[in-house]
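Please open the structure in the viewer and keep the selection panel at hand.

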Amino acid sequence: MYNARPLFTYCGIPFFQQAQYNCIFVFFLYIQLTEFSVRNLEAIVSHRTFAPENSKHHVSPIKNFKLMAKVKISIYQNRNKKSKNYKQFYGRVKHNSTIEPDTLCAHAANDSGIEEAKVAIVFEGVLKQMKEQLCLGHPITLDGMGTFKIGISSEGVSTEDVQRRYPQFDPETDDIRRYLSARQVKSAHLLFNPSVEVKTLLRAIKFETDKTEWASLMAIEQSNTNTEEP
Amino acid sequence: MGTIRVTPVQNKISTSISYGKWYMMAKMDQPLTVEELGSHILMDSKIERAQVSEIVRAILRQINELLCNGHAIRIPHLGILKVGVTSTGADTVSEYNANTNIKGVHIVLLPDKEIKDELAKLHYEKFYYKDAHAEMLALDAAEAEEGNG
């Protein structure tokens, strides 16, 4: 039991009142400790982050993310005659549906317990800001998802090319980088680099094949081989 | 209209057909976080800072969950996010096995027209910090020598 009586004596509180003050002190101490543990518990349950990402106390937004992820795979044949893998069979993801922003906001509102209107405002605001910042050359890191950034495609220039264009260029003494120009850039594109957590989730995905589709393909294949045999 | 700083880099892959050629590479700043992006929303609306972070985290959780369950997601102003697979080929349908032929899973980002148009309008500016810094030091040294002389 906590006893703060020496402190009360030091503060000049009479002895007969110290028992009452001690009860109040212990009660407040208990409330503070309980509140602290509840906050930590909430953080773990709802995956909130109170500590910085590099801290050992950091709780990842997608840690403990229980997932029964399954992706449907459909099969297709390579029909490109120029390809060395012509007529080979490959698998590709058969997407269930395209989730529109409204549906995503409804899911997120349900998850967070915050009004859908507020979720929609934040979603729109963050994405608009993301587009603007990306076009200013700032990469954007979304904790628990990955990094978006701009990549560029450029024309390659050799030392001989520079010599042809600039006769004054001396490859032995001059720095070639002085003669290179930003006009070499041909186009820009958007890049997405998933975080380690997302990569782990992707590795855990199970594949599900559409048996009826595959059976029909196999039947066609069987009939083709039967017709070729005689 | 944005300006992207680009810096010259040399291809040093000895097996590449473009070995030794010089290319431009985008020079990126420090990545921005959700908190920094969300700061302007706090000014525009009456939503609290904690709620903005909570909403963004909920959205990201949902995106991850939906992606891993085979849904494509339309992200406004950016494009469509979906899962793709890398697979080896099989000679016949019966020989193809998804669990052994699929070698990797990745996320595909298909940019929409809006972001493509914005990217087409970008300007580029040549920048290489190390050399600029070295030149500045050389100039300082030359000036100091002149002063001493």
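Which residue in strand 3 of chain B is the bridge partner of Thr98(A)? Select Thr98(A): its bridge partner there is Ala72(B). The model is a predicted one, in which local features require pLDDT of at least 70 and side-chain atom pairs pLDDT 80 or more, while totals for chains, interfaces and linings use all residues. Residues are numbered from 1 along each chain as its sequence is written, chains are lettered from A and ligands numbered from 1 in the order in which they are written, and side-chain values use heavy atoms, without hydrogens or water.

**Stop 1: the paired strands**

Strands are DSSP runs of E with at least two residues, helices are runs of H or I with at least four, and both are numbered from the N terminus; two strands pair if DSSP finds at least two bridges between them.

**Stop 2: the interface as a whole**

Next, select the residues of each chain in contact with the other, that is, with heavy atoms within 4.5 Å. Chain A contributes 95 residues and chain B 80 residues. Buried area is the accessible area (1.4 Å probe) that two parts lose on being put together, summed over both. Between chain A and chain B it is about 8,400 Å², with carbon and sulfur atoms giving 69%. Highlight Lys131(A), Arg177(A) and Phe207(A): they supply 8% of the area that chain A buries against chain B, more than any other three residues.

The two chains share 26 residue pairs in polar contact, both residues being at pLDDT 80 or more. A polar contact is a pair of N or O atoms within 3.5 Å; within protein, one must be able to donate a hydrogen and the other to accept it, and residues adjacent in sequence count only if both atoms are side-chain atoms. On the side of chain A that touches chain B, helix 4 (residues 116-135) gives the most, with 16 residues.

**Stop 3: salt bridges between the chains**

A salt bridge here is a side-chain nitrogen of Lys or Arg within 4 Å of a carboxyl oxygen of Asp or Glu.

Select Glu100(A) and Arg74(B), whose side chains meet in a salt bridge at 2.9 Å, N to O. Glu100(A) lies in the loop between strand 3 and helix 3 (101-112) of chain A, and Arg74(B) in strand 3 of chain B. For relative accessible area (1.4 Å probe, protein chains only), buried means under 20%, exposed over 50%, and partly exposed in between. Glu100(A) is partly exposed at 32%, and Arg74(B) is partly exposed at 34%.

Move to Arg61(B) and Asp111(A), a salt bridge with its closest N and O atoms 3.1 Å apart. The pair runs from helix 2 (residues 49-68) of chain B to helix 3 of chain A. Is Arg61(B) buried or exposed? Arg61(B) counts as buried, at 7% relative accessibility, whereas Asp111(A) is partly exposed at 30%.

Then select Asp143(A) and Arg57(B), which form a salt bridge with the closest N and O atoms 3.6 Å apart.

**Stop 4: within chain A**

Finally, select Asp161(A) in helix 5 (residues 159-165) of chain A. Asp161(A) is buried, with a relative accessible area of 18%, and a polar atom of its side chain lies 3.1 Å from the backbone nitrogen of Ser158(A).
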